[in-house]
Amino acid sequence: MKFLTNEKLTIVGAGGAIGSNMAQTALMLGLTPNICLYDIYGPGVNGVAEEMSHCAFEGVNVTWTTDPAEAFTNAKYIISSGGAPRKEGMTREDLLKGNCQIAAEFGDNIKKYCPDVKHVVVIFNPADVTALTALIHSGLKPNQLTSLAALDSTRLQEAIGQACGVPQYKVENARTYGGHGEAMAVFASKIVVDGKPLAEYNIPADKWAQVLQDTVQGGSKIIKLRGRSSFQSPAYLSVKMIEAAMGGAEFTWPAGCYVNCEKCGYKNVMMAMPTVINANGVSYTAPTGTPEEIAALKASVEHLNKMREEIISLGIIPAVEDWKTMNPNL
């Protein structure tokens, strides 16, 4: 079997449903034969390693551990789903304190054991601030760490396809920016459906409201339908992000990235932007849209700023002006 790289990929939270799906997806896509599964729950991660062995992938070396030193040392790529999952009735923001503490320890482990890691993807909620916390603690450059935001855009794409009566893949430019949460900003003005501008479909107001509901509450819908938080879609998309960082096909769905852009007006925040992930890491451009879309984005960023200030007040990250003492790259 031919692999994209032979370098070590560590999957954090590998004992859970997302992590186990990430491991299988990475092996099925042939990313690397060198995968380390890490989780604090030994029986769970041991079981995932057993399952991967039973798949009989050729030429692979899948290891598992509950020791962070073993997991992180020599890792060149990392995906972390190692936070608490959402339960029914919870928002992403409800997970703020506990998961940001986990993210701080995660970043510390990167700095201690694998400061030369090439790319890190953080996917546990609330992803905008857990990823920001991990970035500050890790000492990495901003282009080396991204968070999963694409799910909001793929859910928008699905909802638009259903509203217009076309297959999902015929919907182009469906994008959400800003926060990965209840305050996300939906950018619909550039959407093209089966070759025609979305506006030509004249979606009624009540149907459009349902589109927005299905987009913003897409994760909650999965919890109600399946009795648990999403795991297949975040696993697949996060592995595609790390595949792009390994030099595979570019990832062009919006990713959460660190933004400190005077011209854009968004500073010291991790947020979904128009991004490209490739072997050079993540790069972004400023979103363009209608005045209403830009206003929604600004409101979303304000929400992110409030969450950032909350984790500062909790002592999980320092005040913005002191970030450089922890991470000189910021």
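Strand 13 is mostly covered, with seven of its eight residues buried, where buried means under 20% relative accessible area, exposed means over 50% and partly exposed lies in between, computed with a 1.4 Å probe on protein chains only. The model is a predicted one, in which local features need pLDDT of at least 70 and side-chain atom pairs count only at pLDDT 80 or more, while totals for chains, interfaces and linings use all residues. Residues are numbered from 1 along each chain as its sequence is written, and side-chain values use heavy atoms, with hydrogens and water left out. Helices (H or I, at least four residues) and strands (E, at least two) are DSSP runs numbered from the N terminus, and two strands are said to pair if DSSP finds at least two bridges between them.

Strand 13 runs antiparallel to strand 12 (residues 255–261), and six bridges join the two; within this pairing, C257 has M271 of strand 13 as its bridge partner. Four residues lie between the strands of this hairpin, in which G265 takes a positive phi near 90°.

Both strands belong to an open sheet of eight strands, whose order is 3-2-1-4-5-6-12-13 and whose pairing is mixed. Strand 3 (61–65) and strand 13 (266–273) stand at the edges with a single partner strand each, so one side of each is left without a neighbour in the sheet. On average, neighbouring strands of this sheet are turned by 25° against each other, direction ignored. Axes here are lines fitted to C-alpha atoms, for helices over the stretch in contact, and angles run from 0 to 180 degrees between N-to-C directions. Further along the order, strand 5 (residues 119–122) and strand 6 (residues 145–148) pair in the parallel sense over three bridges, and V120 finds its bridge partner in L145 of strand 6. Helix 2 (residues 42–55) packs on the sheet and touches strand 2 (34–38) and strand 3, its direction making about 170° with that of strand 3; contact means heavy atoms within 4.5 Å.

A second open sheet consists of three strands in the order 7-10-11, with antiparallel pairing. Its edge strands are strand 7 (171–172) and strand 11 (196–197), each of which pairs on one side only. Two bridges join strand 10 (residues 192–193) to strand 11, and V192 has P197 of strand 11 as its bridge partner.

Turning to the helices, helix 5 (residues 127–138) and helix 10 (residues 291–313) pack at an angle of about 50°, with their axes 10 Å apart. The two are therefore oblique to each other, given that angles under 35 degrees count as roughly parallel, over 145 as roughly antiparallel, 65 to 115 as roughly perpendicular and the rest as oblique. The contact is made by D128, V129, L132 and T133 of helix 5 together with L304, M307, R308 and I311 of helix 10.

Helix 10 also holds I294, which is partly exposed, with a relative accessible area of 21%. Leaving aside neighbours within four places in sequence, I294 is in contact with F187, Y266, P287, T288 and G289. I294 and Y177 are 117 residues apart in sequence, yet 9.7 Å apart in space, C-alpha to C-alpha. In helix 4 (residues 96–113) sits I102, which at 32% relative accessibility counts as partly exposed; I102 and G82, 20 residues apart in sequence, are 7.7 Å apart in space, again C-alpha to C-alpha.
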